[in-house]
Amino acid sequence: MAVAPLLSVRGLSVSYGGAALVEGVELDLMMGKTHGLVGESGSGKSVSAMAIMRLLEPKQFRVEAQRITFDGRELPSLGTHEMRRVRGAEISMIFQEPMTALNPVLPVGEQIVETLRVHQKLDRATARKRALEMLEWVRIPAADRRIDEYPHQLSGGMRQRVMIAIAIACQPKLLIADEPTTALDVTIQAQILELLHELQRELGMGILLITHDLGVVAGYADNVSVMYAGRIIESGTTSQIFEHALHPYTQGLLRSHPPVDRDVNELPTIPGTVPQPHERPNGCRFGPRCAHFRQICDRTDPRLMGFEARHRAACIRPKGYLFDGPLEVSDG
Ligand SMILES: Nc1ncnc2c1ncn2[C@@H]1O[C@H](COP(=O)(O)OP(=O)(O)OP(=O)(O)O)[C@@H](O)[C@H]1O
Ligand SMILES: [Mg+2]
């Protein structure tokens, strides 16, 4: 019997002042698995995550979705109070810059204690004991001393560990990690990702890993969705994406991904930039940057189509072309 996904999103669209920021996003995330959401800056990754969490201000953003099912419940239909409870106890989020998410005037231990007291109704002494355990769990050295320090007294990597401790304090089923390591240097990045991976094995939580870095996705994701200009343009297992990328944008991203032994300045990059919501072309939104562009692409705005197994891509080129090289497409 097929297991239901922990998180299943269909037809998620977000607009802001008439501009479509995100269009028809869909993804499935299984319990205990990591789903990578990749794309260049401005492609709509954070807006999608915020919409799923219902953290976008309804007065400014218009959010529509066919469904956002989390652990058997439709998130859009939950009351505000119930949604807040889900956010505190079942879905957690960590961000790129922990300094903005942490309270600067509260010792880090207190911030974990508060989370535990609010969401798990623990008394102060038990919460404090648990907070110390959490700091040790995320490998903060000298945790019994660090627990009373303020965020500015800690390094960037330590602050991100504190954020993770807060995020997992209530043992969430789903962790949304939005560029969790982008602000950190490479060695610390690897340590944080390894820590998340270990905690996932212990807690069995699903992780939505948002990043512009394909290297991060390759190492830690089971499945990958690639976003471009507000849409998911390719999705599949990590090996499908890395070994048989179908969409020219994904292929371009893979080519521009810096291999460790090469000078970053020599890398081929995809010419042009992601179009802003108001300047997207009529046909395929990647058309103007696509090396395989042909006339038909100006007139067709392709949606995700299934290729093999669960590998899907939004490109007009027929299957034969994608796998076997050029094949004439009738424009008529
Ligand atoms: N608060 C906001 N108000 C208006 N537009 C916004 C807001 N936040 C994001 N946008 C727009 O929505 C689009 C998607 O932005 P989003 O932040 O989701 O991109 P992203 O993929 O997370 O990029 P990055 O890698 O830079 O974090 C962009 O065009 C952006 O300008
Ligand atoms: Mg973002």
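By buried I mean under 20% relative accessible area, with exposed over 50% and partly exposed in between, using a 1.4 Å probe and protein chains only.

**Ground rules.** I am working on a predicted model, where local features need pLDDT of at least 70 and side-chain atom pairs count only at pLDDT 80 or more, while totals for chains, interfaces and linings use all residues. Residues are numbered from 1 along each chain as its sequence is written, chains are lettered from A and ligands numbered from 1 in the order in which they are written, and side-chain values use heavy atoms, with hydrogens and water left out.

**Aromatic pairs.** I searched the whole structure and noted 4 aromatic pairs. Rings of Phe, Tyr and Trp (its six-membered ring) pair if their centres lie within 6.5 Å; planes under 30 degrees apart are stacked, over 60 edge-to-face, and the rest tilted. I looked at Tyr228 and Tyr249, a tilted pair with 4.6 Å centre to centre and 55° between the planes. Tyr228 belongs to strand E10 (residues 223-228) and Tyr249 to helix H11 (residues 248-256), so this pair ties together parts that are 21 residues apart in sequence. Helices (H or I, at least four residues) and strands (E, at least two) are DSSP runs, numbered from the N terminus. For Tyr228 I noted 1% relative accessibility, which counts as buried. For Tyr249 the value is 0%, also buried.

I then turned to Tyr249 and Phe286, which form an edge-to-face pair, 5.3 Å centre to centre with 65° between the planes. Tyr249 sits in helix H11 and Phe286 in the loop between H11 and strand E12 (305-306), so the pair links distant parts of the chain, 37 residues apart. I recorded Tyr228, Tyr249 and Phe286 as a cluster linked by ring pairs.

**Cysteines.** How many disulfides does the rule give? I count 0 disulfides, taking a disulfide as a pair of cysteine sulfur atoms within 2.5 Å. Cys290 is in no disulfide, and its nearest cysteine sulfur, that of Cys315, is 6.3 Å away. Cys290 has a relative accessible area of 17% and is buried. Cys315 is buried as well, at 8% relative accessibility.

**Ligand 1.** Which residues are closest to ligand 1? I found 14 residues surrounding the ligand, the closest being Ser41, Gly42, Lys45, Ser46 and Val47. A residue is included if one of its heavy atoms lies within 4 Å. The shell divides into 5 nonpolar, 6 polar and 3 charged residues. Here Ala, Val, Leu, Ile, Met, Phe, Trp, Tyr, Cys and Pro count as nonpolar, Asp, Glu, Lys and Arg as charged, and the others, Gly among them, as polar.

I checked the backbone next. A backbone N or O atom of Gly42 lies 2.8 Å from an oxygen atom of ligand 1, and one of Ser43 lies 3.3 Å from an oxygen atom of the ligand. A polar backbone atom of Val47 is 2.8 Å from a ligand oxygen atom. Taken alone, ligand 1 exposes 640 Å², and the protein buries 67% of that; accessible areas come from the Shrake-Rupley method.

**Helix H1.** Helix H1 (residues 45-52) gives the largest share of the shell around ligand 1, 3 residues. I noted that 6 of the 8 residues of H1 are buried, so the helix is largely enclosed by the rest of the structure. The buried residues are Lys45, Val47, Ser48, Ala49, Ala51 and Ile52. Arg54 follows H1 and has a positive phi, near 55°.

How values were computed. Polar contact = N/O pair within 3.5 Å; in protein donor to acceptor, adjacent residues only side chain to side chain. Areas by Shrake-Rupley, 256 points an atom, 1.4 Å probe, with all protein chains shown as cover.
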